[in-house]
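Work through the exercises below with the model open. Try each task before reading its solution.

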Amino acid sequence: MQEPDRLLPALLSSTTGEKPANRIVHVTHQIPFEISQTVTNTPTEAPSWSLAPRRGHGAMYAGIESLRNEWETVHVGWSGEIYRKHVGSPEAATTIVQTLNDHDKQVLTKELKEKHACIPLFLDSESVDGHYDGYCKTMLWPLFHYLIWNDATDGRLERTQWEAYAAVNQKYADLVVQHYQDGDIIWVQDYHLLLVPGLVREKLPKARIGLFVHAPFPSSEIFRCLPKRQEVLKGMLGANLVGFQTYSYSRHFISTCTRVFGFESTPEGVEEGGHFCHVGTFPIGIDVDRVDSMRCDPSVQAKMKAIADMYTGKKIIVGRDKLDLVKGVVQKLAAFEKFLMDYPEWRNKVVLIQVTDGNTSESAKLESKVSDIVAHINGAYGSLEFTPVHHYHHHVQTDELYALLSIADAALITAVRDGMNTTSLEYIMCQQEKHGPLILSEFTGTAGSMSSALMVNPWDYAGLAKAINDALLMSDEEKLSRHLQLLDHVKSHTASFWAHSFIKVLIQSIAITEQDTPILNPEFAAEKYQQAKRRLLCFDYDGTLTPICKIPSQATPPPDMLEALEKLCADPRNDVWVISGRDEAALDKWLGHIDGIGLSAEHGCFMKYPHSKKWINLTEHLDMGWKHDVIDIFTYYTERTSGSFIEHKRCSITWHYRLADPEYGAFQAKECQNHLENAILSKLPVEVLVGKKNLEVRPTLINKGEIVKRLLSSRNQQEQQQVQKQPYDFVVCCGDDKTDEDMFKRLRKTPLLPNDQVFSVMVGGSEDKKTSAFWRVQNVQDVIDTMKSMAAISITNDDA
């Protein structure tokens, strides 16, 4: 069992108070109900309230609902527009309620809270206009979908909208804080509420917060165009875990934080002043049981028959999209025209049924353009008996949609940018009888998970036309093979799986974050050392056995450290190793004379076993061709950063900036790190280590943790030393920087040793510094003093 999993029961059963952590506070833009008020002409009759499931965001709400089986849940969100139905009056109509009086708010809040565990937030129309219709839809949504604003203004409108966005986020945060209980997990959803995690963190520093962004997250080059980029990122970094639909979105977020703030980051997340924000990938799914049930409904079957009768003998291609700039409807129609042009044999045999919805001013302009294109295609390729394109711009009922998806011979999804297109998932569920191919844009979040679909570039009309032809000509065997692979993914990665996966990882990240690292208790360590029959002692070199020097070659070992090390090596019950980032020559020069010491150089690339003079190269079968690209990048930054230099090792390359200007050196290091992550990490099997005043690039499969793993294997010890030894019952592992975290993490994952026999020790750092080590000491001298006390015990035992 891995360490986070070990900690789950403790986290769930105890918190800052006595109450168990079994409640999730969901924070969404809107509550999952549409609210209506029915008013009659009778003065004495009080208005009644009715609630209906909210249309849209079905996957998110289904995932949230699935958590109710294991957790108590509370739902915080805007009430949405409230409708008033007038009954019994001559002008009976439905209107939108502009304002609610305090009594109505109290009645509605009470009903929602007691019956549905929902806490509504009431917003005035001005706040909604500035927040949702303003900043969300005119600033964030276009930017996240790679649409840069064209209109240059004096900034007054943007400032007003930003103030509304910040104010509304503050209202959400205040409502969450108001209803917060010790141990609650707070889960915030999407780009409407990106400031909420940071605002809640300000009021509740120990809160457990997750954030999931359903929209795409753009590259740093795009996101940096946002004037309020720092405020938005800091709000997001207030979370313990930020989740995205795809790995590329996660990488973009981490890269942007590195670029904008210069924060230290790893592939796991971003560190901001002692707080580590984990970052993960959680592709959303759909409620497959609900879709499966609804597609088998008799009303769906009846509509399928009606559609089949209407298009007898025709192949049906279906498309269903919101009508906005990124859903690719225009590209789809242009490609369909190209298909009819390039493959004339399909004319009068194929029909495209395109369903769209959307009621914004932008969609109205686009609808006019789409209608013109449809009319053009139908005029060029249609006839009195046949219309090749049918465009329906209105909200279709669920049974109509599932009938269309079930009867189609192929689905065509051509979004030019999309977070996660759930229509493609619904189509797969509806095609369990026909096995129709799915033609899917490679720019959707779904594309990374659905490799058996026909992938297309929506800007390549000829390629899209060919994909349509291939789909219509595909053999039944290939259709079935592709469909079964897609169906397996859709059924295994459901909305429930998405929600439970996110919460599980959030709990694991919280378990790691909430651990304070205590100062090493020397007496306790000495007692365990004395009781042990076989011990493994591992030490980093720089910053652990000797203080860090600005000039690496001057980091000579202190005499008292060498004396203690020699005594520890002389104890036959000890296996002593120095696991360093130094090269073999340096370790041989400073420590090679000590009899019985084991050495590992270059962060685990080389090993030299005790009583041996031969260094073993653990990377001799690895491809080192990546070095040329890395040297080019390091050289570029060395030329532009006075005082920096490159250290060449056999298996890694390090760029040092200890002698550079501190601020400029740190800035250049972040730029260099970002450059490496974008140009090298995405395509080569290497990783970037952020050390103290240095960046090191090394093979991914080689690190200090792998050395510790080897040493913990008794079989490995027996093979190397040709002697039978019992397993270790005491382990010390000391280190001071991020490269040593690999050792600490490995020890946490070792099920063979109880925690009281493992002394992983972080050298330096405060109590709340995030580390996988169980203990910490203040400085190098504390490490040496600990070594001396253990050496004294060894000598005493030998004398006895």
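**Exercises on one strand and its partners**

E22 and strand E23 (residues 606–608) pair in the antiparallel sense over three bridges. Two strands pair if DSSP finds at least two bridges between them. Helices (H or I, at least four residues) and strands (E, at least two) are DSSP runs, numbered from the N terminus. This is a predicted model: local features need pLDDT of at least 70, side-chain atom pairs count only at pLDDT 80 or more, and totals for chains, interfaces and linings use all residues. Residues are numbered from 1 along each chain as its sequence is written, and side-chain values use heavy atoms, without hydrogens and water.

**Exercise 1.** In which sense do E21 and E22 pair?

Solution. 
- Step one: strand E21 (residues 574–579) pairs with E22 in the parallel sense, over four bridges.
- Step two: the chain passes from E21 through helix H21 (residues 584–591) to E22, a right-handed β-α-β crossover (with the strands pointing away from the viewer, the path from the first strand over the helix to the second runs clockwise).

**Exercise 2.** Which residues cover each face of E22?

Solution. 
- Step one: five of the five residues of E22 (597–601) are buried (under 20% relative accessible area, 1.4 Å probe, protein chains only).
- Step two: Ile597, Leu599 and Ala601 lie on one side, Gly598 and Ser600 on the other.

Definitions and conventions: Buried means under 20% relative accessible area, exposed over 50%, partly exposed in between (1.4 Å probe, protein chains only).
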